[in-house]
Amino acid sequence: MNTYARQSVAFVRGEGVWLWDEAGKKYLDALAGIAVNTLGYGHPRLKNALLERVNSGVLHTSNLWRIPDQEKAADRVAEITGLDEIFFCNSGLEANEAAIKVARKYGHDRGVAEPAIIVMEKAFHGRSLATLSATGSRKVQAGFEPLVSGFVRVPLNDLEAIRQVAEHNKNVVAVFVEPIQGEGGINVSRLEYLRGLKEICERKEWLFMSDEVQCGLGRTGKWFVYQHAGFLPDVVPLAKGLASGVPVGACVVGGRARGVFKPGNHGSTFGGNPLAMTAVVATIDAIKEEGLLGNASRVGEVIRQGLARLPGVSEVRGMGLMLGVELAQPCGELVRQALDAGLVINVTSENVIRLLPPLVMTEAEGALVVERLAPLIRAFAERATPATAAAR
Ligand SMILES: Cc1ncc(COP(=O)(O)O)c(C=O)c1O
């Protein structure tokens, strides 16, 4: 189906933060397959673990049997999240679909017949019917109505809006927040806002659900954004960077959401298969042993400092290696220009350059991202300025 407006480049080989196309041209990757390739390309630990898995002959067995690597992966995920029940699936939308089901079941268990979930404007949660209904973008929803009901939408970073809903809607059972909105333009939740939200959740006995599919897994300098705010959510959907390129998702729960799902409430044929679980264990172990959390903070700062004061840049937002560079004009053309300059980036929300490099990027490579991107931004600003002046 014609669902993607693709660039014609095809990457056929990778090493570290570098990619090569079919013609042998080399690119510096500042996108990591949209926050997926945590360990970059050809990471020895991941490669060897996967080779061993393939050589064992067992890629899939099904959840009818014990899966030792799933148990290991669950232990790792429990340790880094601070939560203790995990459902493995295969993608971000599946993790979020599970989270939405947990919230509804939590509501029904408490006698709420029509449970509602508070969601945020500009959030992205996926493209299944339930997750696109939770998503705060008309572009994603248009043409797929009727939407799934049971979502109440408020602006991000607006505690008063939450208080209003709390006062008037007795059906609310959960708040679902993407603490740094990725697709929506790298919109960062203030930490006091997250804490305030958590407080309201405690008081109202709502679930706090933190969609860390894009921002989680070390990208912001801590394992998860909620750890910057200093509390534990009840539900944390994960995917993308969790297995460094092997498809996987996880819905992680604790607190009030513990024990909500019982046998028969949810399932997945592929979820938690030995291949993906091997990659989860290798990814988490490598992040830990190679100090990639601290690295994400340091390299992110190099890039932020390098781009913040350029002409035409309204703002650089984000944390660690999840950065959005907002320009005054729509700047989609920069993706092609960056490719020509040997750099892989993305533009989201029309005028935000999105940078999500592999966490193994070094400070020198971060400086090289700046070196390649800054001239493109400068030239873009020079071209855009007369048009802006004329428009006024
Ligand atoms: C925050 C967030 N949630 C959910 C999803 C959906 O993940 P997937 O594309 O794996 O279904 C995405 C994907 O971009 C995302 O960024």
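These legends describe close-up views of a predicted model. Local features need pLDDT of at least 70 and side-chain atom pairs count only at pLDDT 80 or more, while totals for chains, interfaces and linings use all residues. Residues are numbered from 1 along each chain as its sequence is written, and side-chain values use heavy atoms, with hydrogens and water left out.

**View 1. The largest nonpolar core.** This core has 106 residues. A nonpolar core is a set of buried Ala, Val, Leu, Ile, Met, Phe, Trp, Tyr and Cys residues joined through side-chain atoms within 4.5 Å. Buried means under 20% relative accessible area, exposed over 50%, and partly exposed in between (1.4 Å probe, protein chains only). Met 120, Ile 303, Leu 307, Ile 353 and Leu 355 have the most contacts inside the core. Helix α10 (residues 274-289) gives the most to it, with 9 residues. Apart from this core lies another, of 25 residues, among them Ala 98 and Val 260.

**View 2. Around Met 120.** Contact means heavy atoms within 4.5 Å. Leaving aside neighbours within four places in sequence, Met 120 touches residues including Gly 136, Arg 153, Ile 162, Phe 176, Tyr 193 and Leu 197.

**View 3. Helix α10.** Helices (H or I, at least four residues) and strands (E, at least two) are DSSP runs, numbered from the N terminus. α10 has 16 residues and spans 22 Å from first C-alpha to last, close to the expected 22 Å. That expected span is 1.5 Å times one less than the number of residues. Of the 16 residues, 13 are buried, so α10 is largely enclosed by the rest of the structure. At its start, a side-chain oxygen of Asn 273 comes within 3.1 Å of the backbone nitrogen of Leu 275. Just after the helix, Gly 291 takes a positive phi of about 60°.

**View 4. Phe 11 and Tyr 27.** Rings of Phe, Tyr and Trp (its six-membered ring) pair if their centres lie within 6.5 Å; planes under 30 degrees apart count as stacked, over 60 as edge-to-face and the rest as tilted. The whole structure has 3 such pairs. Phe 11 and Tyr 27 are edge-to-face, 5.1 Å centre to centre with 80° between the planes. Phe 11 lies in strand β1 and Tyr 27 in strand β3, so the pair ties together parts 16 residues apart in sequence. Phe 11 is partly exposed at 34% relative accessibility. Tyr 27 is buried at 3%.

**View 5. Phe 208 and Phe 231.** The ring centres are 5.1 Å apart and the planes stand at 70°, so this pair is edge-to-face. Phe 208 belongs to strand β10, and Phe 231 to the loop between α9 and β11.

How values were computed. A polar contact is a pair of N or O atoms within 3.5 Å; within protein, one must be able to donate a hydrogen and the other to accept it, and residues adjacent in sequence count only if both atoms are side-chain atoms.
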